[in-house]
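Take a look at the chain below. Turn it slowly, and keep the sequence at hand while reading.

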Amino acid sequence: MINFTKSAIGILLALGTVASTSSIASAQYYEGYDRGPPPRFEPDRDWGRPPAPPPGWGRPPRGGCDPRWAEDKARDFGFRRARVVDVTPRRVIVQGWTRRGPGEISFANVRGCPALR
């Protein structure tokens with residue numbers, strides 16, 4: 001009697017295991033035979049790249065010389081700790097330090113910030 005009970009419990013456990021594995025496998029089943037197989041995943045050409053910057057990004061404004069651009073250009077001319085001290089309708093004045101000591105440079109207040117010498 002004990003052997004019969006043990007074997008019955010073993011059979012029930014085996015049937016339960018088989019039933020649980022078949023329900024997991026059926027989760028992969030695709031019913032849409034009339035529509036064809038699901039579409040395959042194809043990554044875009046730009047997958048993983050950041051989006052393109054908006055138009056006009058990184059360009060000087062159309063109106064005049066942007067003070068930040070003037071500071072950057074002064075740094076390109078060799079100024080350290082460059083800062084804008086005055087902005088007039090005609091020019092942008094930037095002061096900073098050069099190899100010779102304190103210095104000043106002026107830029108025209110037009111697009112592109114050309115240097116005035």
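The paragraphs below go through the strands, the disulfide, the core, the aromatic pair and the salt bridges in turn.

A word of caution comes before the tour. This is a predicted model. Residue numbers start from 1 along the chain.

Begin with the strands. Strand 1 covers residues 80-87, and strand 2 covers residues 91-98. The two run antiparallel. Five bridges join them. Between them sit three residues, and together the two strands form a hairpin. Next comes strand 3, residues 101-108. Strand 3 also runs antiparallel to strand 2, and here eight bridges do the joining. Strand 2 and strand 3 make a hairpin too, with two residues between them.

Look for arginine 91, whose bridge partner in strand 3 is alanine 108. Then find isoleucine 93 in strand 2. Aspartate 86 stands opposite isoleucine 93. Is isoleucine 93 buried or exposed? Its relative accessibility is 7%, and buried means under 20%, so isoleucine 93 counts as buried. What does isoleucine 93 touch, leaving aside neighbours within four places in sequence? Its contacts are Arg83, Val84, Val85, Asp86, Glu104, Ile105 and Ser106. Alanine 70 is 23 residues away from isoleucine 93 along the chain, and their C-alpha atoms are separated by 8.3 Å.

Now turn to the disulfide. In general, a disulfide is a covalent bond between the sulfur atoms of two cysteines. A search of the whole structure finds one. Cysteine 65 and cysteine 113 form it, with their sulfur atoms 1.9 Å apart. Where do the two cysteines lie? Cysteine 65 is in the loop between helix 1 (2-25) and helix 2. Cysteine 113 is in the loop between strand 3 and strand 4 (115-116). The pair therefore ties together parts that are 48 residues apart in sequence. The torsion about the S-S bond is about 110°, so the disulfide is right-handed. Both cysteine 65 and cysteine 113 are buried.

Not counting residues up to four places away in sequence, cysteine 113 touches Cys65, Asp66, Trp69, Ala70, Lys73, Phe107 and Ala108. Glycine 112 lies in the loop between strand 3 and strand 4. The C-alpha atoms of glycine 112 and glycine 64 are separated by 7.7 Å, although the two are 48 residues apart along the chain. Glycine 112 has a relative accessible area of 32%, so it is partly exposed.

Nonpolar side chains tend to be buried together in soluble globular proteins. The largest nonpolar core here has ten residues. They are Cys65, Ala70, Ala74, Phe79, Ala82, Val92, Val94, Ile105, Phe107 and Cys113. Which elements each supply at least two residues of this core? Helix 2, strand 2 and strand 3 do.

Phenylalanine 77 and phenylalanine 107 form it, 6.3 Å centre to centre with 45° between the planes, and the pair is tilted. The pair links distant parts of the chain, 30 residues apart. Phenylalanine 77 lies in the loop between helix 2 (67-76) and strand 1, while phenylalanine 107 is in strand 3. Phenylalanine 107 has 0% relative accessibility, so it counts as buried. Phenylalanine 77, at 40%, counts as partly exposed.

Finish with charge. Side chains of opposite charge can pair when their charged atoms come close. How many salt bridges does a search of the whole structure find? It finds two. In one, aspartate 66 meets arginine 68, and the closest N and O atoms are 3.0 Å apart. Aspartate 66 counts as buried at 14% relative accessibility, whereas arginine 68 counts as exposed at 58%. In the other, the side chains of aspartate 72 and arginine 75 meet at 3.1 Å, N to O. Both lie in helix 2, three residues apart, which is about one turn of the helix. Aspartate 72 is partly exposed at 40% relative accessibility, and arginine 75 is partly exposed at 42%.

Conventions
Predicted model: local features only at pLDDT ≥ 70, side-chain atom pairs only at ≥ 80, totals over all residues. Heavy atoms only, no water. Pairing = 2+ DSSP bridges. Helix = DSSP H or I, 4+ residues; strand = E, 2+ residues; numbered from the N terminus. Phe/Tyr/Trp six-rings, centres within 6.5 Å; stacked < 30°, edge-to-face > 60°. Buried < 20%, exposed > 50% of the residue type's maximum accessible area, 1.4 Å probe, protein only. Disulfide = S-S within 2.5 Å. Salt bridge = Lys/Arg side-chain N within 4 Å of Asp/Glu carboxyl O. Core = buried A, V, L, I, M, F, W, Y, C linked by side-chain atoms within 4.5 Å. Contact = heavy atoms within 4.5 Å.
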